[in-house]
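Visitor: I would like to learn how to read a protein model, one feature at a time. Please show me the structure.

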Amino acid sequence: MRTVTNIWGLSERDTDAFRFAAVALFGLSAMPSVRLSAVSVFTVISVVWGLAAPGASYPLQDETDIADLRAVNPINHFQVRFSWHNISCPLCKALFTIVDVALLSDTNTEHVARAVGEACIRLHLAEEKVCREITELFRDDFIRALQESFLWPSEACGVLLGPSCGHFDIYAPWNVTLPKDPKPPVVPPTPPKPGSPQSRVLFLTDIHWDAEYAEGSAADCREPLCCRNESGRASWRSRGAGYWGTYSKCDLPLRTVENLLQKLAKAGPWDWVYWTGDIPAHNIWSQTRAQQLNELTTISRLVRKHLGAQVAVYPAVGNHESTPVNSFPPPFVHGNRSSHWLYDTMAEEWAPWLPAEALETLRRGGFYTAQVQPGLRVVSLNMNFCARENFWLMVNSTDPAGQLQWLVHILQEAENKGEKVHIIGHIPPGLCLSSWSWNYYHIVNRYESTITGQFFGHTHLDEFQMFYDEETMSRPVGVAYVAPSVTTYINLNPGYRVYYVDGNYPGSSRLVLDHETFILNLTLANGYVDVSGGLSKPVPDPAWTLLYRASQAYGLSTLFPSNWDSLIRVFLTEDRVFQHFWYFRHKGHVSEPCKEACKSTLICFLRSGRYDLLQQCDLLYRAKGQRVRSVRKTLC
């Protein structure tokens, strides 16, 4: 069928959608192209886009299409009822233009919100209920950011649809200032002496408790989150939600979280705990501040109850803690739109774990530092200040809250004192805004002898990202561990991580020596056959079992950065080892295989602890003459 276009480059279908939006806002059939502040449509569409897929920033080979990318990301976009390909480049630019022209008048705010919601519905970006509720939820916050941010249509659509539709350059480069103190000579790490003490560290991330989870509800639904009362009941055609959780786009019932914490209490003792956020479920279109705070309070108190008051827990802020999701205004935003409602409650709930000085910076910007043991300090970063989805950064993305400059100060003090530092956060730094990611990478290079551990979550998968020296981009200087989620979202077993760290003794490296991943096998936990009645019943007290231990699974003598770099090279030559990694990456429940382009793409991701992935991928594939381009997908 021939596609007819007009002078705007719009097809007949696009012209109809454009005419609808223009009439809805102005009663007009067209508007001129103007300089625009394009937060409004971008925010709603990108949030709904984010509903479709957790994942990461993966380099995609030029000849690779989206079908290949989905092999890396185990989520079927059409299964979650959303496709951003419904928007063409010309239509995207036209929609941004008319919406922002409308917002030049304050009286049009209500019309714009309604029109954006209707456009979301007509373009099939999500179900009608989700479109309307998410538009209403985001409206007030992004209008404020809209008033202070300016984008060309090509810039906004370049973010949404990719570089073929425009270049996105709103976030100007910036640099943190490093002290003049010279970098100490680098001493390669050596394994500790046999019998040296080790610290056993529990790591939890991405719990995503769904208070509306309902056993027997539909596991496959039209909304972005299923297994809830509003999903409807399962029928003979569709699966039902399991008692302990479900392999689908579902989060967890509270009983599963409590069962995990009960088992963890028995699996101790723990020297300390790292917990990197994302407590609420993925129903981001219908959340309230009261609900978010209730979930934060409930889970924080359960952690303290089951693990015991004597166990120190060091939390980090996830992107789901706020509502609207990803909305984390820097400290220059005051009043009701600020994040004080969230940070103040965190400080109250986490006060038993953190010193007074840490609570001060937590209240101000959601980050802090604390001494774990003599000689070891933890820094908890608010990674929402590096996230592209945080639309407040369109106002000013230069080192939000001065967090990275503060980090430099903490690291320099630690270096002066001979302390080692662990950094925890939610979003891996390789998925951050380019300038933020570049500066963080630069800091890791400068303080490579001080930073001995980096621990993140967010992707829900079991991964890692490498850091290399900036001069040659070949010598490994660090590794960021990306641990698997507690939640099942999407199609995963629940899981958690245990790190074994060089222990508390003089001269300890404080490096990760090994790690283990444990899972709840839902296939076993949700059903067994009752011989008396022949009915499938959930196991009343399921076991969380060891999936693998890194040193044994990969044949590693140590887990230093050089070992992980060598393992990546093994992935290239021994597909059997890579397939083991692929299986572990999905916590023992693989939805799709990973071959060829998928494998190349994922290996590039592992090598790239910085957002500008091209350099690392070029180094890896130079001999093959391949070029790669970055395709970014994030967990909303």
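Visitor: What should I know before starting?

Guide: This is a predicted model, where local features need pLDDT of at least 70 and side-chain atom pairs count only at pLDDT 80 or more, while totals for chains, interfaces and linings use all residues. Residues are numbered from 1 along each chain as its sequence is written, and side-chain values use heavy atoms, with hydrogens and water left out.

Visitor: How do I read the side chains of a strand?

Guide: In a regular strand the side chains alternate between the two faces of the sheet. In β3, Trp272 and Tyr274 point one way, Val273 and Trp275 point the other way, and all are buried. Buried means under 20% relative accessible area, exposed means over 50%, and partly exposed is in between (1.4 Å probe, protein chains only). Helices (H or I, at least four residues) and strands (E, at least two) are DSSP runs, numbered from the N terminus.

Visitor: Which strand is joined to β3, and by how many bridges?

Guide: Strand β2, residues 198-204, runs parallel to β3 and is joined to it by four bridges. Two strands pair if DSSP finds at least two bridges between them. Val201 has Trp272 as its bridge partner in β3.

Visitor: How do I read the backbone angles?

Guide: Most residues other than glycine have a negative phi, and most peptide bonds are trans. The loop between β4 (313-315) and α10 (340-350) holds Pro324, which is joined to Thr323 by a cis peptide bond with omega about 0°. Asn326 is found in the loop between β4 and α10, and its phi is positive, near 70°. Asn326 is buried, with a relative accessible area of 3%.

Visitor: Where else should I look for such angles?

Guide: The bond from Tyr489 to Ile490 is cis, with omega near 0°, and Ile490 lies in the loop between β10 (476-482) and β11 (495-502). His458 has a positive phi near 80°; His458 is in the loop between β8 (451-456) and β9 (463-468) and is buried, at 3% relative accessible area.

Visitor: How do I check the length of a helix?

Guide: The expected span is 1.5 Å times one less than the number of residues. Helix α13 (residues 434-446) has 13 residues and should span 18 Å, which agrees with the 18 Å between its end C-alpha atoms.
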